[in-house]
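Here is a short briefing on charged pairs and their surroundings. Look at the sequence and the fold before reading on.

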Amino acid sequence: MNGSDAYRANAYACVKLAEAVNDPYDKVILLNMAEAWLRLADYVERKQNEVGEHFGAGSSSDQDVNPA
């Protein structure tokens, strides 16, 4: 399980807890926590994609620089 999957699992756990509690204040807090976990998961995925694109683009040019 990668980082973003773990963060999404935490968000899901917060939603499940929010469904189980009766106090409206606690419910809002848990749902806000779930949203924060989802934002963090999205951020991590965006950063991983940026790094992958950066290094993916450079690997093909290495062959041109170092011919075999």
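E19 is exposed, with a relative accessible area of 53%.

The model is predicted: local features need pLDDT of at least 70, side-chain atom pairs count only at pLDDT 80 or more, and totals for chains, interfaces and linings use all residues. Residues are numbered from 1 along each chain as its sequence is written, and side-chain values use heavy atoms, with hydrogens and water left out.

**Salt bridges: rule and count**

- Side chains of opposite charge can pair when their charged atoms come close.
- A salt bridge here is a side-chain nitrogen of Lys or Arg within 4 Å of a carboxyl oxygen of Asp or Glu.
- By this rule, the count is four salt bridges.

**The R8 network**

- Salt bridges link R8, D42 and E45 in a network.
- R8 meets D42 at 2.6 Å, N to O.
- R8 lies in helix 1 (residues 3-20) and D42 in helix 2, so this pair ties together parts that are 34 residues apart in sequence.
- Helices (H or I, at least four residues) and strands (E, at least two) are DSSP runs, numbered from the N terminus.
- R8 also forms a salt bridge with E45, at 3.2 Å, N to O.
- That pair links distant parts of the chain, with R8 in helix 1 and E45 in helix 2, 37 residues apart.
- R8 is partly exposed because its relative accessibility is 29%.
- D42 has a relative accessible area of 33%, so D42 is partly exposed.
- E45 has a relative accessible area of 28%, so E45 is partly exposed as well.

**A pair within helix 1**

- K16 forms a salt bridge with E19, and their closest N and O atoms are 3.1 Å apart.
- K16 and E19 are separated by about one helical turn, because they are three residues apart in helix 1.
- K16 counts as partly exposed because its relative accessibility is 40%, whereas E19, at 53%, is exposed.

- L40 sits in helix 2 (residues 24-65).
- L40 has 34% relative accessibility, so L40 counts as partly exposed.
- How far apart are L40 and Y7 in sequence and in space? They are 33 residues apart in sequence and 7.0 Å apart in space, C-alpha to C-alpha.

Methods: Buried < 20%, exposed > 50% of the residue type's maximum accessible area, 1.4 Å probe, protein only.
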